[in-house]
Amino acid sequence: MYRLMKILFLASILFVPKTWTKEMIEMEALGAKATHCTYEYAFDMYGAHCAGLRLTKIPKLRGGLEILDFSDNKLQAIHADTLSSFTSIKYLYLADNRIYIIDEDAFTGFTYLQSLDLSNNVLLNMPNSILQLPSLRKLYLRGNPILYTSTELAIVRPIKAPLELLDISDCKIKVLPYWGSLPQLVYYNISYNPLTTLNTSHFAPMCNLEKVDLTESTDELKLCSMRSPFLWFQEKRISFQLEDYSKLNTREFEKCPSNDLVLHNATYNRCKADYLQVQSVKTTRRTWLTISGGLAGFLIGFILLLYLMHRHNVAQTKTKSEKLKQATPANDPDRNATANLLRNAS
C-alpha cells in the first residue's frame, strides 16, 4: 500500500502542468527568507537593507550608501574599522543586535549621520564621540542597561550634537545623567525607568523641549518630589506623558512645597540665548550661501553670454569673408589688370 502511494505521488509530480510548477516555485521563493543584503531607494536616498539576516559582522557593501539597516542581527562590537567604509551614511539602524561595546573612535568621520538607532542591545556605556557628531538629530538608546551599574556615565560637555530626539527608555536608569545644555531637544523619552529622583535642574537646559515621556517611570518617586518638575512643565508648556495622572490631582500633591523656579529660569534663559545665537549663525550662513550662489550663477551666466557673443561674432566674420570670396571671380579682368600693373611697376 505504501509503495503504491509513493508511485502515485511521483506520478502526480511528473504530470503536473509546467505552469503550475512555475507558480509553486515562485510561491516558495516569496516565502523564503532573504539570505543577503538588498539595495533600494527610500526618500531619494540610496540604502542597504540587511535586517534579520542573523549576521555576525557587516559584510562588504556598495559605496555611497546613505541608509544602512543592520537591525536584528548578531553584531557584538563596533570597532574603528567596523563602519569606516560607510561615512556617507545619514541613517544607521543597529537595533536588536548584541552590541556590548563601541570604541571611542568608531564613528570618526560620520559628519553626515542624522539618526542612530542602538535600541535593544547590551550597552553598559556609550562613547562621547557619538554625542559630538555634528549632524546627529535623533539618538535611540532604548533597552540598553546603560547606568545600570554604579559607575556614572562620563559625559563630555558641551554636547555638540544638535539632538532633537533622545530616547533612553527602558535603560534601568535610577538617576538621570546630566547632559548639560541641549537647546534643540524637542522630544525626550525617559519612560520605563525606575527613577528615584526627578529634578527641575535636569530639564532647565532643554529650552525647546516640547514633550517628555515618563510612562511607568514615577512609581518609585515620592509624591512631593514630583511637584517642582511638573510645575516647570506646566509653566514652560511642556507636555508630559504618564500612565496615571490621578495622583497629580490630589490635595496631598497640591500641598507639597515647590522649589523656587527663578534659579532654573536663569539656566533656561542662557539656553535660549545660546539657541538664538546658533540660529542666527545658521541664518547668516544660509544668507551668505544664497548670495554667494546667486553671484556665482550670475558670473557663470555672464561669462557664458560673452562666450556666445564671441562665437557669434567669429561666425559672422567668417561668413562675410566667404561671401567676399564668392563675389569676386578668379578670372576677373580688373583683378588681372591690377596684378599686371603691380608686376610692371616692380
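Cys224 has a relative accessible area of 37%, so this residue is partly exposed; on this scale buried means under 20% relative accessible area, exposed means over 50%, and partly exposed lies in between, with a 1.4 Å probe and protein chains only. The structure is a predicted model, in which local features need pLDDT of at least 70 and side-chain atom pairs count only at pLDDT 80 or more, while totals for chains, interfaces and linings use all residues. Residues are numbered from 1 along each chain as its sequence is written, and side-chain values use heavy atoms, with hydrogens and water left out.

Cys224 is joined to Cys256 by a disulfide, with an S to S distance of 2.0 Å; a disulfide is here a pair of cysteine sulfur atoms within 2.5 Å. The link of Cys224 and Cys256 is left-handed, with -70 degrees about the S-S bond. This pair connects distant parts of the chain, 32 residues apart: Cys224 belongs to the loop between strand 11 and helix 4 (227–235), and Cys256 to the loop between helix 5 (251–255) and helix 6. Helices (H or I, at least four residues) and strands (E, at least two) are DSSP runs, numbered from the N terminus. In contrast to the partly exposed Cys224, Cys256 counts as buried because its relative accessibility is 5%.

The structure holds 3 disulfides. When bonded cysteines are counted along the chain, the pattern is 1-2, 3-6, 4-5. Another of these bonds is formed by Cys207 and Cys271, whose sulfur atoms are 2.1 Å apart. The torsion about their S-S bond is about -70 degrees, so the disulfide of Cys207 and Cys271 is left-handed. Cys207 sits in the loop between helix 3 (200–203) and strand 11 (211–213), whereas Cys271 sits in helix 6 (residues 262–327), so the bond ties together parts that are 64 residues apart in sequence. Cys207 and Cys271 are both buried.

The remaining bond to describe is that of Cys37 and Cys50, with sulfur atoms 2.1 Å apart. Here the torsion about the S-S bond is about 120 degrees, so the disulfide of Cys37 and Cys50 is right-handed. Cys37 lies in the loop between helix 2 (18–31) and strand 1, and Cys50 in the loop between strand 2 and strand 3 (67–69), so this pair ties together parts that are 13 residues apart in sequence. Cys37 and Cys50 are buried. A further cysteine, Cys171, is buried because its relative accessible area is 0%.

The description now turns to the strands. Strand 1 (residues 38–42) and strand 2 (residues 45–49) pair in the antiparallel sense over 5 bridges; two strands pair if DSSP finds at least two bridges between them. Within this pairing, Glu40 has Gly47 of strand 2 as its bridge partner. The two strands form a hairpin with 2 residues between them, and Phe43 in the turn has a positive phi of about 55 degrees.

Strand 3 runs parallel to strand 5 (residues 91–93), joined to it by 3 bridges.
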